[in-house]
Amino acid sequence: EGQGFMSEAVNILSDHLFSEGFHRIEVRMGDKNMRSQNIPRNLGFVYEGTLKQNRRLDNQFRDTLVFAKIKA
């Protein structure tokens, strides 16, 4: 935790997917996962919105945040 491995992995994967012809990449995560929200933001992904109560966890409905990046 906190060593930047996930940021590095997302960056490498994004670069690879764009080089393979992808035009758009999405990152989705739970709204309670505050630390992970910084990863896409720091890598140039744009927050596009929240999917309200679209999943169930521990017998509660939870929101999902959606970040996206378009090939430049």
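The lining of the largest pocket comprises, by class, 3 nonpolar, 6 polar and 2 charged residues, where Ala, Val, Leu, Ile, Met, Phe, Trp, Tyr, Cys and Pro count as nonpolar, Asp, Glu, Lys and Arg as charged, and the others, Gly among them, as polar. The structure is a predicted model, in which local features need pLDDT of at least 70 and side-chain atom pairs count only at pLDDT 80 or more, whereas totals for chains, interfaces and linings use all residues. Residues are numbered from 1 along each chain as its sequence is written, and side-chain values use heavy atoms, with hydrogens and water left out.

The residues that line this largest pocket are Glu1, Gly2, Gln3, Gly4, Phe5, Met6, Ser7, Arg35, Ser36, Asn38 and Ile39. Two or more lining residues come from each of helix H1 (5-19) and helix H2 (34-42), and H2 gives the most, with 4 residues. The space in the largest pocket is about 270 Å³. On a 1 Å grid over the protein atoms alone, a pocket is an open set of points where a 1.4 Å probe fits, with protein on both sides within 12 Å along at least five of seven lines, and lining residues have an atom within 4 Å of a point. Grid points are joined across faces, edges and corners, and the volume is the space filled by probe spheres set on the points. Helices (H or I, at least four residues) and strands (E, at least two) are DSSP runs, numbered from the N terminus.

An open sheet of 3 strands has the order E1-E3-E2, with antiparallel pairing. E1 and E2 are the edge strands, each pairing on one side only, and neighbouring strands of the sheet are turned by 25 degrees against each other on average, direction ignored. Strand E1 (residues 24-30) pairs with strand E3 (residues 60-70) in the antiparallel sense over 7 bridges, and Arg28 has Val66 in E3 as its bridge partner. Strand E2 (residues 46-57) likewise pairs with E3 in the antiparallel sense, over 8 bridges; here Leu57 has Gln60 in E3 as its bridge partner, and Arg56 stands opposite Phe61 in E3. Two strands are taken to pair if DSSP finds at least two bridges between them.

Both helices meet this sheet. H1 lies across E1 and E3 and runs at about 150 degrees to E1, while H2 packs on the sheet, touching E1 and E3, with its direction making about 165 degrees with that of E1. Contact means heavy atoms within 4.5 Å, and axes are lines fitted to C-alpha atoms, for helices over the stretch in contact, with angles that run from 0 to 180 degrees between N-to-C directions. Asn11, found in helix H1, is 28 residues from Ile39 in sequence and 9.3 Å from Ile39 in space, C-alpha to C-alpha. Asn11 counts as partly exposed because its relative accessibility is 31%, given that buried means under 20% relative accessible area, exposed over 50%, and partly exposed in between (1.4 Å probe, protein chains only).

E2 and E3 form a hairpin with 2 residues between them. Most residues other than glycine have a negative phi. In Asp58, however, phi is positive, near 50 degrees, and in Asn59 phi is likewise positive, near 65 degrees. Asp58 is exposed because its relative accessible area is 63%, and Asn59 counts as exposed at 64% relative accessibility.
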